[in-house]
Amino acid sequence: MNVSYWEKKSFFGLQDLIVVGSGIVGLSAAIHFKTKYPQKKVLIIERGIIPQGASTKNAGFACIGSAGELLSDLVNDDETTVFSLVERRKRGLDLLRATLGDKAICYEPLGGYELFENEDKYAKIAQKIDYLNKSLSEITGNKSTFSSADSEINDFGFKGIQHLIKNNCEGQIDTGKMMLALEACAQKLGVQLLYGCSIKNVIQNSKISGVVLENGMSIESNKVLVCTNGFAKDLLPELDVVPARAQVLVTSRIENLKIKGSFHFDEGYYYFRNIDDRILFGGGRNLDFKGERTNEFGNTPIIMNRLKQMLDELILPNQKYSIDHVWSGIMAFGENKNPIVKQVESNIFCAVRLGGMGVAIGSLVGQEAVELMLDNV
Ligand SMILES: Cc1cc2nc3c(=O)[nH]c(=O)nc-3n(C[C@H](O)[C@H](O)[C@H](O)COP(=O)(O)OP(=O)(O)OC[C@H]3O[C@@H](n4cnc5c(N)ncnc54)[C@H](O)[C@@H]3O)c2cc1C
C-alpha cells in the first residue's frame, strides 16, 4: 500500500491499544481506556462503514432479566451465578446511562413485560415472585423488581394474553442514538476510528503485536482487544462462540397506539416494543435454530411470516398497519450466558459473546476487558 510518511506517523503508527469492532463493547472499552490514559493512542477498527454488529441492529431493550428467564436459569445454575449476571447487567446499564446521559440515548423507564398465554406457565412463575424480589432487592434497589401487571392487559389491547409480569427496573433506549452518542464520546476523548476496514488477523510474536488488515497492511499495537461478538471465531477460532441471527420488523405508524414499553414472550424468543408510534417486533429464531445459526444477514419467509401472523393475531388485533422495514442482526451465544472476557495471548485480549442482552451489560464488559488488560501489563 502506498502510505506516506505523514499517514504512517499519524494514522498507522504504533498504537497503545487497538480495538477490533466498534459495537457497544468496543466503544465502551476505548472510552474507558482513553479516560484513564488521555495521552495514549487508541484506535478502533471496524469493518462496516458504520458498526455492523448487533449494537446498531438490536431492539433497544434496556433489560436485566425477566422472572421467567431467571427461574429457568436457576434450574441449571446456582443463585450466585444467576444473580451476579443480573447485577452485572444492572451495573452496565447504570454505567451506560451515567456515561451518555438518559437524554442522549432516549432512555425511558417504561418497564419490561413478560406475556403469558398459558395459565399453568404463569402460575409456576407467579408463586416465586416474592422470592425473586427478595433476592434482587439489593441489586436493583427496588423491593418490587417484579409485579403483576394484569390490570394493564386491556389497556394495551392484546388478544389471548392471560397474564403480564412487569420488571419495574427495565426500560428502553433509542439504539441508533446510543451508538451515535458512544461514538461521539469516544471521538471527543481522542479515540481514532477507522471504518470500512476489515481485520484479517490479530498477530502476536516475540517482537510485535498488532493486526493485519484485509489489504495486507499491518498496524502494530502494544495491546489488541477483539470485540467482534458474533464474528469472533473469524479471528479467534478457539473461542466458544456460536453466532445466532435475529430477524426484526418495524410497522408503519399506528394511530393511537396503546402499547408502551418492552414486551417479550415464549421464553424471550419473541419481543416487541413501541418506537415512534410504531411496533418493532423481532424473534422467532426457535422456528429454525439450525438455519439461524449463522453470521450471514438475511430474512426468511418462515420467520417473517410468523412474526406478521403474531402481530395480526396477538399484538395488534383489528388494527390497521403495514410492515415498513425489516432487517436482521447477529448475536453470539455459547455454553453459558456469561460474556467471554479473557486474555488470549500476552498482548491479545477479547470481550465477546454478549448473548441477547448486551445493551445493559455491554458497557461494563468493555470496562472489565480494559481492567483485565491493565492487570496483565
Ligand atoms: C436483532 C437483535 C435484537 C437485539 N435486541 C436486544 C435488546 O433489545 N436488548 C439487549 O440488551 N440486547 C439486544 N441484542 C443483543 C445486543 O445487541 C448485543 O449483545 C450487543 O450489541 C453486542 O455488542 P458487541 O459490541 O459485543 O458486538 P457487536 O455490536 O456485534 O459489534 C461487533 C463489531 O465487530 C465488527 N467486526 C466483526 N468482525 C470484524 C473484523 N474482522 N474486522 C473489523 N471489525 C469486525 C462488526 O462489524 C461489529 O460492528 C439484540 C441483538 C440483535 C441482533
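Which polar backbone atom lies 3.0 Å from a nitrogen atom of the ligand? I looked this up in the predicted model and found that the atom belongs to G356.

Entry 1: A polar backbone atom of A59 is 3.1 Å from a nitrogen atom of the ligand. On the side-chain side, I noted E46, where an N or O atom stands 2.6 Å from an oxygen atom of the ligand. I also checked the cover: of the 1000 Å² of accessible area that the ligand has on its own, the protein covers 99%.

**Entry 2: the shell.** I counted 38 residues around the ligand, and E46, A54, S55, F61 and V359 come nearest. By class, I recorded 21 nonpolar, 14 polar and 3 charged residues in this shell. I next asked where these residues come from. At least two shell residues are supplied by each of α2 (24–36), β12 (242–251), β16 (323–333) and α13 (358–375). Domain 1 (7–57 + 177–239 + 336–375) and domain 2 (102–170 + 241–333) each give at least three residues to the shell.

**Entry 3: strand β2.** I turned to strand β2, residues 42–45. V42 and I44 point one way from the strand, L43 and I45 point the other way, and I found all of them buried. In a regular strand, side chains alternate between the two faces of the sheet. I then examined the pairing of β2 with strand β1 (residues 15–20): the two run parallel and are joined by 4 bridges. Within this pair, I noted that I44 in β2 has V19 opposite.

How values were computed
Residues are numbered from 1 along each chain as its sequence is written. This is a predicted model: local features need pLDDT of at least 70, side-chain atom pairs count only at pLDDT 80 or more; totals for chains, interfaces and linings use all residues. Side-chain values use heavy atoms; hydrogens and water are left out. A residue is near a molecule or strand if one of its heavy atoms lies within 4 Å of it. A polar contact is a pair of N or O atoms within 3.5 Å; within protein, one must be able to donate a hydrogen and the other to accept it, and residues adjacent in sequence count only if both atoms are side-chain atoms. Accessible areas come from the Shrake-Rupley method with a 1.4 Å probe; for residues, only the protein chains shown count as cover. Ala, Val, Leu, Ile, Met, Phe, Trp, Tyr, Cys and Pro count as nonpolar, Asp, Glu, Lys and Arg as charged, and the others, Gly among them, as polar. Domain bounds come from an automatic or database domain assignment. Buried means under 20% relative accessible area, exposed over 50%, partly exposed in between (1.4 Å probe, protein chains only). Two strands pair if DSSP finds at least two bridges between them.
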